[in-house]
Amino acid sequence: MDTTSFLIYCMIATFTPGPTNIVILSTVNNYGAKKAMNYSYGATIGFGLLLVISAGLNTMLITTIPKILVVMRIVGSLYMFYLAYQIYKTDTSKRAVNQTATFVSGFLMQFFNPKVLLFTMTVIPTFIIPHYSAFPAVSIGIIAITLIGFSAFTTWVLFGTIFKEFLHKHNKTVSLLMALFLAYALPS
């Protein structure tokens, strides 16, 4: 497995602005870090559960239909290009909708967040299953990805205000760099 591409993909997909991170940023600014951390715990559990579901579905599909791996890699690569484009054209000046951020809303958000759903359904078949099929190895991958996601959420909590100011000031440069890094992370 190309660990560098895997880590870059996970970092870019989890640390860049998306529905969950924008809600976390808004919560930090409107309600404080404690409320945002509560939301982040729920988001992390939901994210991890989606990874487990993805691993189970993908493992079942690959043992049932081995050629589906090629299709999933193509879909994963196309999604990564789409994400790179979305990151490049991101407008962070638009304010997130205020929501009451709770553990439950953070958990449920993951199941309705297209960025998370597509990420969890592509990262396992693109980076892990082609190289590791044993339960312990796949489990380690899931734990690693979940920890990266949690790190992203807590980073948005801890540095929410700084990121907001930085993104507003350097929006085009940050978007371009994130898009280029994501395109670099495409599996070979």
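The dialogue below goes from the overall fold to a surface patch and an aromatic pair.

User: What should I know before I start?

Analyst: This is a predicted model, where local features need pLDDT of at least 70, side-chain atom pairs count only at pLDDT 80 or more, and totals for chains, interfaces and linings use all residues. Residues are numbered from 1 along each chain as its sequence is written, and side-chain values use heavy atoms, with hydrogens and water left out.

User: How many helices and strands does the protein have?

Analyst: Helices (H or I, at least four residues) and strands (E, at least two) are DSSP runs, numbered from the N terminus. Here there are nine helices and zero strands.

User: What share of the residues is buried?

Analyst: Buried means under 20% relative accessible area, exposed over 50%, and partly exposed in between (1.4 Å probe, protein chains only). Of the 188 residues, 45% are buried.

User: What share of the contacts joins residues at least 24 apart?

Analyst: A contact means heavy atoms within 4.5 Å. Among contacts between residues at least 6 apart in sequence, the share is 87%.

User: Which residues make the nonpolar surface patch?

Analyst: Like charges are joined within 9 Å, nonpolar side chains (Val, Leu, Ile, Met, Phe, Trp, Tyr) within 5 Å. Areas come from the Shrake-Rupley method with a 1.4 Å probe; for residues, only the protein chains shown count as cover. Tyr 41, Ile 45, Phe 103, Val 104, Leu 108 and Phe 112 make a patch of about 620 Å². The largest share, four residues, comes from H5. Ile 45 is in helix H3. Ile 45 counts as partly exposed because its relative accessibility is 48%.

User: Which residues of H5 are buried?

Analyst: First the general idea. An α-helix has 3.6 residues a turn, so residues three or four places apart point the same way. In H5, Gly 106, Met 109 and Gln 110 are buried. They lie on the same side of H5, because they cover an arc of only 100° around the axis (taken from the directions from the helix axis to the C-beta atoms). Val 104 and Phe 112 are exposed on the other side.

User: How many aromatic pairs are there?

Analyst: Rings of Phe, Tyr and Trp (its six-membered ring) pair if their centres lie within 6.5 Å; planes under 30 degrees apart are stacked, over 60 edge-to-face, the rest tilted. The count is seven. One of them, Phe 47 with Phe 153, is edge-to-face: 6.4 Å centre to centre, 75° between the planes. Phe 47 lies in helix H3 and Phe 153 in helix H7, so the pair ties together parts 106 residues apart in sequence. Both are buried.

Note on methods. Patch = residues over 30% accessible without salt bridge, like charges linked within 9 Å, V, L, I, M, F, W, Y side chains within 5 Å. Salt bridge = Lys/Arg side-chain N within 4 Å of Asp/Glu carboxyl O.
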